[in-house]
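Subject: Structure handover

Hello,

Here is the structure I promised to pass on. Please open it next to this message. My notes follow below it.

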Protein chains: 2
Amino acid sequence: MTYCVAMNLADGLVFVSDSRTNAGVDHIATFRKLYRFGIPGERLIVLQTAGNLATSQAVVSLLRHRLTGEGIHLNNVPTLFAAARLVGETMREVVAHDSAPGTGPEIDMTSSFLIGGQIAGEEPELYNLYPQGNFICATTDTPYFQIGESKYGKPILDRALSYTTSLDLAMRCALISFDSTIRSNLSVGMPLDLMVYRKDSLELPAGHRITEGDPYFEAIREQWCSNLRHLLKELPTAPTFYLD
Amino acid sequence: MTYCVAMNLADGLVFVSDSRTNAGVDHIATFRKLYRFGIPGERLIVLQTAGNLATSQAVVSLLRHRLTGEGIHLNNVPTLFAAARLVGETMREVVAHDSAPGTGPEIDMTSSFLIGGQIAGEEPELYNLYPQGNFICATTDTPYFQIGESKYGKPILDRALSYTTSLDLAMRCALISFDSTIRSNLSVGMPLDLMVYRKDSLELPAGHRITEGDPYFEAIREQWCSNLRHLLKELPTAPTFYLD
């Protein structure tokens, strides 16, 4: 499985992805699911992927190989909307190619993508691209998207995140969301790939990989768990008729 | 959908169920999913249900109608294990009856059950009965079970609940788990049915129904949400290279 979250906030964009892939519980591996495109000072486009790994890798490879070609590519699309369309079309192309007759039993060849970034002269944008290749755009009402195993980590995002949350706080919120998910689903796992983009900087962030035993991640997951238990104890005791 | 949680702890048993049923998003209704059987001073058996409502209601009706008969029933089974077997057999009987040829297109007729309680001379027990009619028993390692929409509300249980958690605290933990689920899934909804049983009391608790606007539930969900946001702010700031 996979878990990716991306946020488009007042101060910029936050992306976090896990890196576990699996076919059954006895065939797991580590693959990066966060990809960066762009030109410093002009554009940043970040892709996160879930679903069929062969498809998502092929899509990213084609998008990369075509960067130097004549046609439309991620380094010359005029808007993030056009970037999302291009990713959707490339995914349809890959799925059509790989689903050709004679390729064996029917399996789901599709992938999902989160596509976020900023192009000079435009606002930062974030798109959630469905397995069908169409997509929706994040707004101030709904400033984040998840793909993959989204349920375990959703309550903390809904309770603590809003469009005006600072990048630093939003990143902590995402990491707690990942901790909840990793504890509950074996098929979501470390390392985590993290990227934070400050609005209008038009820089290509290096990003950071959080590996098993990372001191900061360990510190916040332990503090969170212990303080959460404390919070529960602090809640008022129920009226006695609740317990009768 | 449905969300039910049950816990078998050192001090006794805790059961919480929602009461929303739906067929699509435009056909919702309120049905109780927590049922109490027993004889004061001798036995308590609590059932919670998820899945096909016609099946779970038929199972509970048959179990109730047979209480005065000659055969094995919930008021004379010698153990909770035998009670769980009886519920499983009754479910198979209902599913076989309702799946008779000529009853129309294939739909899933099965239900899941949580079955917990205590019979005089035995320890309290809790069983999770699968749609196939077989079941597993809660232990000190895994003292709780969920049925229905379990994912949103699982992290708080995993972080804060253990076999030695007090009944009062466990109930608050269950209510927070319900709040997380209700916020995320429209098909899980109020009112909530709650029952707490103190080990070896052999009483039949009246239970409590938490309706929309319940002052205690409102107070703890607000306090939880606000303190959780505070907790996140208190976590140490990430090293700067996380944000580059």
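How many salt bridges does the rule find across the interface of chain B and chain A? There are four. Before the rest, one caution: this is a predicted model.

The side chain of B:E149 meets that of A:K151, with N to O at 2.9 Å. Polar contacts cross the interface too. Chain B and chain A share 22 residue pairs of that kind, counting pairs with both residues at pLDDT 80 or more.

Which elements of chain B supply the side that touches chain A? Five of them give at least two residues each: α3 (154-160), α4 (167-184), β11 (192-198), β12 (208-210) and α5 (215-234). The biggest giver is α5(B), with 13 residues. By type, this side of chain B holds 29 nonpolar, seven polar and 15 charged residues.

Now the extent of the interface. Chain A puts 51 residues into the contact, and chain B puts in 51 residues. Together the two chains bury about 4900 Å². Carbon and sulfur atoms account for 64% of that area. On the chain B side, the residues that lose the most area to chain A are B:R159, B:L232 and B:Y242. Those three make up 19% of what that side buries.

Why do the copies meet through the same surface? Because 100% of the interface residues of chain B are interface residues in chain A as well.

Last, the aromatic rings. Over all chains, the count is 12 aromatic pairs. Among them are A:F81 and A:Y127, which pair edge-to-face. Their centres are 6.4 Å apart, and the planes stand at 65° to each other. This pair joins distant parts of the chain, 46 residues apart. A:F81 sits in helix α2 (residues 80-98) of chain A, and A:Y127 sits in strand β8 (residues 125-129) of chain A.

Best wishes

Conventions. Residues numbered from 1 in each chain as written. Chains lettered and ligands numbered in written order. Predicted model: local features only at pLDDT ≥ 70, side-chain atom pairs only at ≥ 80, totals over all residues. Heavy atoms only, no water. Contact = heavy atoms within 4.5 Å. Buried area = accessible area lost by both parts, 1.4 Å probe. Polar contact = N/O pair within 3.5 Å; in protein donor to acceptor, adjacent residues only side chain to side chain. Helix = DSSP H or I, 4+ residues; strand = E, 2+ residues; numbered from the N terminus. Nonpolar A, V, L, I, M, F, W, Y, C, P; charged D, E, K, R; others polar. Phe/Tyr/Trp six-rings, centres within 6.5 Å; stacked < 30°, edge-to-face > 60°.
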